[in-house]
Every structure is written in structure tokens, then in C-alpha cells.
Amino acid sequence: MKEIDLMIIGGGPAGLSAAKVALEAGLKVMIVDRNMSLGGQLIKQTHKFFGSEKQYAKTRGFDIAKRLIDKLAVHKDNLEICLETTAVGLYKDYVVTTLQGETYTKYRSKSIIIATGASEKVLAFENNDLPGVYGAGAVQTLMNLYGVIPGKKALMVGSGNIGLIVSYQMMQAGIEVLAIVEAAPKIGGYKVHAAKIRRLGVPIHTSTTVKRAVGKDQVEAVVTVELDEKWKEIPGTEKTYETDIVCISVGLSPLHQLLSMAEIEMRYIPELGGLVPIVDEFNETSMEKVFVCGDVIGVEEASSAMVEGSLAGLIAAKRLGKEHPEHEARLDDYLKQLSDLRNGPFGIKTRVGLKKLRGVGDAR
Amino acid sequence: MLDKTGVPTDSLVRSRFPDTSFLVKPKAILECYEDISCNPCATNCPFKAITIADGLNSQPVLNPELCTGCGICIYSCPGLAISVVQIVEDKARFKIPYEFLPIPNSGEVWSGLNRTGERICDASIINVTDSKRQDKTVVVTVDVDKKYLYEFITIKVQK
């Protein structure tokens with residue numbers, strides 16, 4: 001079995017940020033990622049990011065990924081990157097099993113950072129298995145990574161930031177977005193994102209959801225229906241759109257499976273997106289020296305994922321006896337950045353969720 | 001209304017315009033109506049004309065005395081929520097962010113759209129910039145009739 005200092009599972013914004021700080025502190029690091037390249041979801045984000053300069057605000061997502069990856073280059077002697085490699089097992093004795101192609105490998109890692117991110121939620125409706133019903137992430141992958149448009153006309157289901165951004169990106173790719181429907185009574189994402197789509201003539205219908213997709217071999221139309229204040233369908237409000245894409249963007253759930261496998265203590269926190277590990281203030285789980293960062297500990301923005309990653313790298317290094325030369329200053333800085341990023345109205349869910357998770361404060 | 005439709009009300013829009021006496025010179029219009037964790041407009045303004053109360057989570061406020069209308073904020077705003085406007089005789093001259101193809105050329109006439117995407121007027125393309133630091137957010141200078149000052153928001157190619 002291969003012995004390593006620190007294994008980071010997931011090479012997205014959180015994992016890459018964790019790697020950088022841990023490498024600076026002198027750890028030997030391995031990053032395992034199931035995708036063909038590092039960067040996680042950032043590599044298909046073509047829009048400019050929010051936040052402040054420290055989180056690369058106003059930089060486009062794929063450029064943020066490049067910067068995070070480039071910063072690891074100086075540490076290449078202490079860094080091993082395993083791409084197209086899936087961590088399929090995590091055990092109580094710090095053994096991680098990976099699968100690359102048809103080869104299983106076992107590692108024992110002194111510390112482990114889980115940065116697996118989140119996966120898209122699905123939506124149950126009639127014919128949701130017809131070709132042409134896509135998750136928003138798949139649409140982004142096709143368009144922004146592979147340069148393939150998934151169809152000609154689209155109905156977007158969900159008005160969170162992903163739904164709004166992917167609608168905009170579909171329009172940039174030349175797809176006609178017929179409408180955005182949102183089951184909640186209010187638009188979920190940033191109003192600036194909503195406004196920049198609305199001003200191009202795309203209507204946003206709140207209190208409306210998808211009833212069924214229609215088609216024989218693929219989506220040919222989609223039927224929507226309005227919802228009352230109790231989220232019950234209002235008969236007679238059905239509306240049919242002729243379309244070949246129904247794009248689903250109804251939220252994300254933390255990818256908790258590895259944590260659950262190691263019997264790490266978990267709790268279901270709706271505000272954080274689902275099942276998340278119970279952690280201390282530095283995101284250390286009930287399994288000593290196993291840390292989490294990014295969407296796996298609560299669905300948020302890439303900005304906070306990067307800061308959480310840096311924090312995890314910093315603490316992991318200290319716990320392995322290789323304190324980062326700027327430990328104290330960095331610790332203060334990361335905690336302050338996180339608190340600043342969560343300080344606005346959009347941070348409420350995370351603030352409430354984390355309080356519930358840690359069982360302190362004025363949790364609802 | 002903004003919450004449900006993505007369209008700000010007329011009074012909300014007007015609240016972001018300085019007094020028209022300022023508009024003899026170009027001034028930034030900050031159409032950011034929500035407290036989100038974001039500050040590049042303020043940190044990138046070379047004239048310190050944009051203030052965010054707590055530094056990150058409040059809506060930006062423009063000091064029209066300090067704003068020169070340079071337009072750096074237009075492409076610094078990740079939400080594409082900033083334009084610059086000046087009144088030039090009977091025209092309102094806007095600088096707006098634009099991220100679609102085709103990119104307009106000066107001299108062309110495009111459709112001017114309001115905040116719900118309806119065509120309201122002709123929009124004469126005066127200038128187009130696409131420098132490296134704009135990072136692919138093209139800034140289009142466009143003239144529309146002055147009476148659309150509070151309605152015009154973007155352009156669409158004429159079919």
C-alpha cells in the first residue's frame with residue numbers, strides 16, 4: 001500500500017486551493033480527480049465571477065481554474081496528480097481506494113481532504129427521461145467544453161444562479177431560450193443575472209413548474225403549469241412550449257458518499273443542500289485529520305469554496321506537524337474572508353446551516 | 001417586481017441616475033439592486049467614485065462628482081449591471097457591456113431594447129472597444145433619442 005501525507009479528493013476550486021497551501025507548508029500532496037482535467041466546474045464557467053479580488057472577482061471561471069492550476073507548478077516535486085481517477089473507497093483506517101481505468105489502488109494517507117463538490121438534483125415529471133431533458137451542467141459541458149450546442153430552443157427549469165447563467169450562456173451559443181420557469185414565488189439567483197437575460201426578451205415565470213415533456217424519441221415540447229401559494233398545480237394554467245431542450249437546474253446536493261462510507265458523523269441540513277458531515281470551526285470531521293471544503297460541506301459559491309480549501313490545507317498541514325510559515329496570518333485572513341462572503345443576504349442559508357450543523361448559536 | 005420578473009421598476013431605475021445636470025458629462029449608472037458579496041466596481045474605479053458601505057456586501061453608490069465616465073466599471077462588473085450615460089444634444093449616449101456575436105461595428109444602426117427586451121428605438125453604434133483588459137466584455141458606445149434615457153438598456157442586431 002502506498003503511504004502519503006495528504007490526499008485531496010476532488011481537484012475543483014476547493015481542492016486546488018487546499019493543495020496550494022498544503023504544498024507551501026511542505027507537505028507531499030496527491031490530488032485525485034475523476035475528470036480529464038483539474039478545475040472542477042470552473043472549467044466550464046465562461047462568465048465573470050463575483051466576490052472580491054482575493055477570490056479572483058471579475059475573472060472568468062475557466063481563467064480562475066487556470067490560475068489555480070498554474071500556482072501549483074512550482075511545487076510539482078511534491079505533488080502527484082491522478083486524473084480520470086475516482087476515489088471509490090474511504091475507510092476508518094485512512095485507506096483510500098482509487099479506480100483508474102480498471103486498476104484499483106490503495107493508499108494510506110495521514111490526512112485527507114474531501115473536496116468532492118456537489119451533484120445536480122433531479123426533478124420528477126412525466127417523460128423526464130426523454131433525450132433532450134438535460135441537467136444544466138451537461139448543457140454547459142457540451143457547449144463550453146466541447147463546443148456542441150444541445151439543440152435549438154430551450155426551456156430552463158429553475159432560476160437559481162446556475163439556471164440564469166446557463167440560460168445566458170445558451171443564448172451566447174445561439175440557442176433560443178423560450179422562458180425560465182421557477183416553482184418558487186421569487187427568482188432564486190442574483191437579480192443582475194436575471195436582469196441581463198430579461199432585457200434580451202426572455203420571460204421569467206415564477207410560481208410555475210414543468211408538468212411534462214412531450215415527444216416520441218426526443219423532446220418535442222414541454223408543458224408547464226402555474227402553482228398556487230401551497231405549490232399545488234392550478235388547473236387550466238398549462239402552457240405548451242415547442243422546444244427540443246428542457247434544461248433542469250433545481251439545485252445541488254453535496255457529494256457525501258465517501259464520508260458516509262467511512263461512517264463519519266453526518267447530519268441532514270436542508271440549508272446546506274442535504275447530508276453534510278458534522279465539522280468543527282476549521283471543517284475537521286468526526287474522523288481526525290479528515291477535512292472537508294467546498295460544496296461537500298454546503299452548496300455555496302466557488303469564492304467560498306476556494307477560501308475553505310485554503311483553510312483546510314492550512315489546518316491539515318499544522319495537524320501533520322508542518323505548520324505553514326504564515327499560519328496565524330493566513331488563518332485570520334481565511335476566516336475573515338469567509339465571514340465577509342457570508343455576511344450578505346445571500347449568505348443567510350449558509351450561516352443558518354452552519355449554526356445548525358455545529359449545534360451552536362441561534363439555530364432555527 | 002424585480003424579484004418575480006427580473007425587471008426593475010421605473011422608480012428603481014431612476015434612483016440610480018444622478019441629477020440630469022450631471023449628465024452633460026458621462027456618468028456611471030449602477031443598476032445593482034441587491035446586496036451581494038461583490039466589489040470589483042469599487043475596487044477597480046481609479047477615481048474612488050464608487051463606494052460599497054461595508055466593503056463587500058452592500059449595493060454600490062456612485063459619487064457623480066468624482067465619476068469621470070471612464071467606463072472601467074462597465075466591464076469590471078461581473079453582473080453586467082453598469083452602463084455609462086451622457087446627454088449629447090438630443091441624444092442619450094450610452095456605453096454598455098455586450099457579450100454576444102456578432103459584435104457591432106461603428107456606423108451601424110441596431111435595435112435599442114428596454115428592460116423587458118422590447119424594441120423601443122433605433123440605436124446608432126458610435127464606437128466599439130474590445131481591449132485585452134476588458135476580457136471579452138465588449139463596450140459599445142451607442143446613441144439613442146434622449147427620451148429613452150430611463151428605458152434603453154441594451155441592443156440587438158436588426159433582422
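How far apart do the C-alpha centres of domain 1 of chain A and domain 2 of chain A lie? In this predicted model, they lie 31 Å apart.

Domain 1 of chain A is made of two segments, 2-119 and 252-358, while domain 2 of chain A spans 122-248. Where the two domains meet, domain 1 of chain A contributes four residues and domain 2 of chain A six residues. On the domain 1 side of this contact, the residues divide into one nonpolar, two polar and one charged.

Chain A contains nine helices and 19 strands. Its radius of gyration is 21 Å, close to the 21 Å from the globule rule for 364 residues, so chain A is as compact as a globular protein of that length. Along the principal axes, the C-alpha atoms of chain A fill a box of roughly 65 × 50 × 35 Å. Buried residues make up 51% of the 364 residues of chain A. Among contacts in chain A with a separation of 6 or more, 62% come from residues 24 or more positions apart.

Chain A also touches chain B, in a contact that takes 35 residues from chain A and 33 residues from chain B. On the chain B side, helix 1 (2-5) and helix 3 (40-43) each supply at least two residues. Helix 1 of chain B gives the most, with four residues. The table lists the residue classes on the side of chain B that touches chain A.

| Class, chain B side | Count |
|---|---|
| Nonpolar | 15 residues |
| Polar | 11 residues |

How values were computed
Residues are numbered from 1 along each chain as its sequence is written. Chains are lettered from A and ligands numbered from 1 in the order in which they are written. This is a predicted model: local features need pLDDT of at least 70, side-chain atom pairs count only at pLDDT 80 or more; totals for chains, interfaces and linings use all residues. The radius of gyration is taken over C-alpha atoms; the globule rule is 2.2 Å times the number of residues to the power 0.38. A residue is buried if 20 or more other C-beta atoms lie within 10 Å of its own, exposed if 12 or fewer, and partly exposed in between; C-beta atoms are placed from the backbone. Two residues are in contact if their C-beta atoms, placed from the backbone, lie within 7 Å. Ala, Val, Leu, Ile, Met, Phe, Trp, Tyr, Cys and Pro count as nonpolar, Asp, Glu, Lys and Arg as charged, and the others, Gly among them, as polar. Domain bounds come from an automatic or database domain assignment.
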